[in-house]
Amino acid sequence: MSPDEKYMKEALKQAKKAAALKEVPIGCVIVREGDNKIIGRGYNRRNTDKSTLSHAEISAIKKAAKAAGDWRLEDCTIYVTLEPCPMCAGAIVQSRMHRLVFGASSPKSGCAGSILNLLNEERFNHQVEIEKGVLKEECSEILQAFFKDLRERLSVKGKYHGELKGGLPAEDE
């Protein structure tokens, strides 16, 4: 098993914590490259916290910055199960992270290449190395299982009961 796979498995553990809360199962870990130590962990908690800011990456970045004693995370790699959205991609750039590794692509909101690539925007003062598709199948499966279960729960209830607003993603997400 490669180091990228090892740390993506740790991110998947975080995604399972989100799933246990009936949140979209997205998980993240941040690894300091010098000692290969995980210094930040996070998982999606948007519904639980009732906050658009409660993404896995934002939580992990906050914890990593605290552990590092600096907002600059230049010697770190971030592992996330789903390609980052615009907010999270921006936070990764702003934190000066060295590298991003993600599992599943996000064709509707991904900003590490699917819709935009904010991480390699030459006009920014920092660019991030990207590795995509690490444990893609496992990362995709946990998301697909979550949305399949959600659709089944919603169809049984016959209407929306506060579980997800704004419609459901397509089957392939």
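How exposed is Arg 72, in relative accessible area? Arg 72 is partly exposed, with a relative accessible area of 37%, where buried means under 20% relative accessible area, exposed over 50%, and partly exposed in between, with a 1.4 Å probe and protein chains only.

The model is predicted, so local features need pLDDT of at least 70 and side-chain atom pairs count only at pLDDT 80 or more, while totals for chains, interfaces and linings use all residues. Residues are numbered from 1 along each chain as its sequence is written, and side-chain values use heavy atoms, with hydrogens and water left out.

**Charged pairs**

A salt bridge is taken here as a side-chain nitrogen of Lys or Arg within 4 Å of a carboxyl oxygen of Asp or Glu, and by this rule the count comes to 11 salt bridges. Three of them are listed below.

| Salt bridge | Closest N to O distance |
|---|---|
| Asp 4 and Arg 99 | 2.7 Å |
| Asp 70 and Arg 72 | 3.1 Å |

The salt bridge between Asp 4 and Arg 99, with its closest N and O atoms 2.7 Å apart, links distant parts of the chain, as Asp 4 is in helix α1 (residues 3-20) and Arg 99 is in strand β4 (residues 99-104), 95 residues apart. Helices (H or I, at least four residues) and strands (E, at least two) are DSSP runs, numbered from the N terminus. Both Asp 4 and Arg 99 are buried. In the other two pairs, Arg 45 is partly exposed at 26% relative accessible area and Asp 49 is partly exposed at 35%, and Asp 70, the partner of Arg 72, is likewise partly exposed, at 28%. Salt bridges that share partners also join Asp 4, Arg 99 and Glu 129 into one network.

**Strand β4 and its neighbours**

Strand β4 is mostly covered, with 6 of its 6 residues buried. Two strands pair if DSSP finds at least two bridges between them; β3 and β4 run parallel and are joined by 5 bridges, and Val 80 has Phe 102 in β4 as its bridge partner. On β4 there is also a parallel pairing with strand β5 (residues 129-132), made by 4 bridges, in which Arg 99 has Glu 129 of β5 as its bridge partner. In a regular strand the side chains alternate between the two faces of the sheet.

Together, β3, α4 and β4 make a right-handed β-α-β unit, right-handed meaning that, with the strands pointing away from the viewer, the path from the first strand over the helix to the second runs clockwise. The buried residues of α4 are Cys 88, Ala 89, Ala 91, Ile 92 and Val 93, and what covers them includes α3, β3 and β4.

**The nonpolar core**

A nonpolar core is a set of buried Ala, Val, Leu, Ile, Met, Phe, Trp, Tyr and Cys residues joined through side-chain atoms within 4.5 Å. Of the 48 residues in the largest one, Ile 30 and Leu 100 touch the most other members. The elements that give two or more residues to this core are α1, β1 (27-32), β2 (37-43), α3 (56-68), β3 (76-82), α4 (86-94), β4 and α5 (136-157), and the largest share, 7 residues, comes from α5. Counting contact as heavy atoms within 4.5 Å, and leaving out residues up to four places away in sequence, Ile 30 touches residues including Ile 38, Ala 60, Ile 78 and Met 97.

**Cysteines and loops**

With a disulfide defined as a pair of cysteine sulfur atoms within 2.5 Å, a search of the whole structure finds 0 disulfides. Cys 85 is in no disulfide, as the nearest cysteine sulfur, that of Cys 88, is 3.7 Å away, and Cys 85 is buried, with a relative accessible area of 12%. Cys 111 is in no disulfide either, the nearest cysteine sulfur, that of Cys 85, being 7.1 Å away, and Cys 111 is buried at 2%.

Two residues with positive phi complete the account. Lys 50, which is not a glycine, has a positive phi of about 55°; Lys 50 lies in the loop between α2 (46-49) and α3 and is exposed, with a relative accessible area of 74%. Arg 96, also a residue other than glycine, has a phi near 65°; the place of Arg 96 is in the loop between α4 and β4, and Arg 96 is buried, with a relative accessible area of 19%.
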